[in-house]
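Visitor: I'm new to this one. Can you walk me through it?
Guide: Gladly. Take a look here.
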Amino acid sequence: MLIHSLKLAGFRNFAPLDVEFGDRVNILYGDNGSGKTNLIEAIFVLCLGRSHRGVADAVMVQDGQDTYRIEGVIRQNGEQTESAVAYQLGGRKKITVDQVPIRIGDLYERYSAVSAGPEDTELLAGAPGGRRTFLDIYLSQFSPRYLSYLVDYNRALAQKNAALRNGTAPEAFSDLLVPLGSSITASRARFLERLGPLATGHYERIASGGRFNLSYKASSAAVTQDADTNGIREQYARKMASYAERERIMQVSLVGPHRDDIGFEISGYPARTHASQGELRTAAICLKLAVYQLLTEQRQARPLLLLDEIFAELDDKRIAALIEALAGFEQLFLTTASHPPETLREHSRRFEISRGRIAGVE
């Protein structure tokens, strides 16, 4: 897919914007704090209706404004559509394609985007919530059914937690959570089973040694390679029953995929406690390259690729290997505060970003 043009109003630090992009490499350059990452975020929101940073819509509304609006012309499979995402403070988000209102789930079926940036080191070294968000964003692009499970699960989970706080019986909601949560856990396990070897392969090539591994840490069941959804469901039901009294005391649901995590290891040691900053950056990039590869295979179309300062803290050898790994992308957006590698500058379109404006186009 290709983003042909983009319009912004009331978004982050940007003045009203109307810009056309190139079909291959688009380089967004400028000083730190100029708005390069905000432009990447706007493109991601246009594609998937949410920020790649995991922030609320209200945070993206410009100071002094009460709404943001993002519009874009998107080309895909020989067709051209006009998409828009708008949000009003205190209100609801409205998403349209060719002026027809759609659900956010429809965006995940239509479009696909992968972002990589400095914040991705938190996937390996930060709190579990960031890793669950990572799974939810990219697995929802991989499987529309997963997004349906997730929406229904979160609704039932909120209702169960409300029942626990109110001292009312939570069992009816538990009965809903077990099949939904089991389907989510099984989907995550299958996704990571395919993603892991791809991420390992990218790390071995880019880092020239070392080994990067990931594992799924499900809170509700022991997920093995041959575990099916029914087996997970049985384990989940037993564990939920065993935690029922503790949940009543703590007034919160303690079992389910909302408590799951991913374990990352580099050269046999936990990445969170033993990896250097350069190793974390390399592993995080390799994880996103693996996602890009897996989504390309699954959807039989290349996602949009959004790269935010990915060359920082990487040595020349790793940069060269990373550029080689990027071969075959369809459209690429790259932010940089310095000069990007020469091989990416060829046939590129460059945009100078300054104080929330595009100061120049080359």
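This is a predicted model: local features need pLDDT of at least 70, side-chain atom pairs count only at pLDDT 80 or more; totals for chains, interfaces and linings use all residues.
Visitor: What volume does the largest pocket have?
Guide: About 440 Å³. A pocket is an open set of points on a 1 Å grid over the protein atoms alone, where a 1.4 Å probe fits, with protein on both sides within 12 Å along at least five of seven lines. The volume is the space filled by probe spheres set on the points, which are joined across faces, edges and corners.
Visitor: Which residues lie nearest its centre?
Guide: Arg103, Ile104, Gly105, Leu147 and Val151. The lining has 15 residues in total; each has an atom within 4 Å of a point.
Visitor: Which element gives the most to that lining?
Guide: H6, with five residues. Strand E6 (93-97), helix H3 (104-110) and helix H6 (144-166) each supply at least two. Helices (H or I, at least four residues) and strands (E, at least two) are DSSP runs, numbered from the N terminus.
Visitor: How do the lining residues divide?
Guide: Six are nonpolar, two polar and seven charged. Asp, Glu, Lys and Arg count as charged; Ala, Val, Leu, Ile, Met, Phe, Trp, Tyr, Cys and Pro as nonpolar; the others, Gly among them, as polar.
Visitor: New topic. How many salt bridges are there?
Guide: The count comes to 14. A salt bridge is a side-chain nitrogen of Lys or Arg within 4 Å of a carboxyl oxygen of Asp or Glu.
Visitor: What does Arg53 pair with?
Guide: Glu41, with the closest N and O atoms 2.9 Å apart. Arg53 sits in the loop between helix H1 (36-48) and helix H2 (57-60), and Glu41 in helix H1, twelve residues apart. Arg12 joins both in a network of salt bridges.
Visitor: Is Glu41 buried or exposed?
Guide: Buried, at 0% relative accessible area. Buried means under 20%, exposed over 50%, partly exposed in between (1.4 Å probe, protein chains only). Arg53 is partly exposed at 32%.
Visitor: What about Glu297?
Guide: Glu297 meets Arg194 in a salt bridge, 3.9 Å from N to O. Glu297 lies in helix H11 (residues 277-299) and Arg194 in helix H7, so the pair ties together parts 103 residues apart in sequence.

Conventions. Residues are numbered from 1 along each chain as its sequence is written. Side-chain values use heavy atoms; hydrogens and water are left out.
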